[in-house]
Amino acid sequence: MDKTEILRWLRETKESRLEDLWLRADAVRKEKVGDAVHLRGLIEISSYCVRQCGYCGLRAGNASLERYRMSEEEIMQCVADAVEFGYGTVVMQAGEDYGIKTEWLANIVRRIKAQTPLAVTLSMGERPVEDLVAWREAGANRYLLRFETSNPVLYEKIHPSLPKQTYNRFDLLKKLRELGYEVGSGVMIGIPGQSYEDLAHDIELFRTLDLDMIGVGPYIAHPATPLGQETIDLTNGNQVPNTELMVYKVLAITRLVCPEANIPSTTALATINKTEGRELGLCRGANIVMPNLTPSQYRRLYEIYPAKACIDETSRQCRGCLWGRIESIGRQVGSGQGGRRRS
Ligand code: SAH
């Protein structure tokens, strides 16, 4: 699929043709990654952040947010839950928090790898390469770092650099690959200022980067952020809308462009359609779900966007709910780590 065709699908409005797109994506998903839905338990280990991302509620400038950082024992309790619930992976995610010391996290990774059969995924933002090396040596298997948008001007606007810090997310993704991580990236859909061309280019990059995991979800306005104050101007015809339909289109196209990638049906999608967003994502290209394992008292505080799905449930309730949703569409929960397959 070339860029012209990607653009055509992104702008497609005819229901019968879209139905065809969903069916094609689902067939490719079934052929390339099968019916198993792998569960990655998400532990949101800290809400501290030094960055000022225009879209994210964790941004340093949001003084109204109470911050937390989980203790090692709290994290290990969530890890024990993951094992008990039959998940194959734990994902530890946080704001860019240098209170998370390199060696402290390396030690936790070593404990998880020594005591459990779980794959370990990290999503700690743009950390120095030495940290990525230390965590990989400790046994971390995967790293998630979305590039958010491939338009450099838009990116700098929504994700300002820190003074003296010159990391480029594409350089970091390359470095992560060299270090032997499975690499995950992705974008938000419908960022104010994101054009159809930008989004088509993002999808082409998923292929060029040969990503192992691709996370895409709707941009959701957070009122305590600068971007959340902007209105999305759809009148010029070039702005991507942050709608549910657009998310399905991107999911389906991504599956066709990157047939073997692991693609989650994201919590952001489940947030804009709490009734059946998860299931529709899984039927239109996705093969992964990331149930929340974060302890109840912290869930509300990890507010990257408002009204996040699943914040009132316990981890055990999330497990039961997702299991039911997966079986309701005739799929099964996958066993094992569910890493990237390559044919
Ligand atoms: N600090 C880490 C983790 C950030 S949270 C990092 O920067 O990589 C994980 C993802 O949530 C982000 O990459 C972003 O794509 C998404 N996200 C953050 N704010 C959002 C919002 N307002 N709407 C939708 N997705 C958002």
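Me: Why is G320 called partly exposed?
Reply: Its relative accessible area is 41%, and partly exposed is the class between buried (under 20%) and exposed (over 50%), with a 1.4 Å probe and protein chains only. G320 therefore falls in that middle class. The model is predicted, so local features need pLDDT of at least 70 and side-chain atom pairs 80 or more, while totals for chains, interfaces and linings use all residues. Residues are numbered from 1 along each chain as its sequence is written, and side-chain values use heavy atoms, without hydrogens or water.

Me: Happy with that. Where is G320 found?
Reply: G320 is in helix 13, residues 315-328; helices here are DSSP runs of H or I, at least four residues, numbered from the N terminus.

Me: What makes helix 1 and helix 8 oblique to each other?
Reply: Helix 1 (residues 3-11) and helix 8 (residues 196-208) pack at about 125°, with axes 9 Å apart. Angles under 35 degrees are roughly parallel, over 145 roughly antiparallel, 65 to 115 roughly perpendicular, and the rest oblique. The pair is therefore oblique. The crossing of helix 1 and helix 8 is right-handed.

Me: Which residues make the contact of helix 1 with helix 8?
Reply: On helix 1 they are K3, I6, L7, L10 and R11, and on helix 8 Y196, E197, L199, A200, H201, I203 and E204; contact means heavy atoms within 4.5 Å. Seven of the contact residues are nonpolar, one is polar and four are charged.

Me: What does L10 touch?
Reply: Leaving out residues up to four places away in sequence, L10 touches Y196, L199, A200, I203, M246, K249, V250 and I253. L10 is also among the residues with the most contacts inside the largest nonpolar core, which has 95 residues; the others are I45, M92, L122, M124 and W135. Helix 9 (residues 244-257) gives the most to this core, with nine residues.

Definitions and conventions: Axes are lines fitted to C-alpha atoms, for helices over the stretch in contact, and angles run from 0 to 180 degrees between N-to-C directions. Helices (H or I, at least four residues) and strands (E, at least two) are DSSP runs, numbered from the N terminus. A crossing is left-handed if the near helix is turned anticlockwise from the far one by less than a right angle, and right-handed if clockwise. Ala, Val, Leu, Ile, Met, Phe, Trp, Tyr, Cys and Pro count as nonpolar, Asp, Glu, Lys and Arg as charged, and the others, Gly among them, as polar. A nonpolar core is a set of buried Ala, Val, Leu, Ile, Met, Phe, Trp, Tyr and Cys residues joined through side-chain atoms within 4.5 Å.
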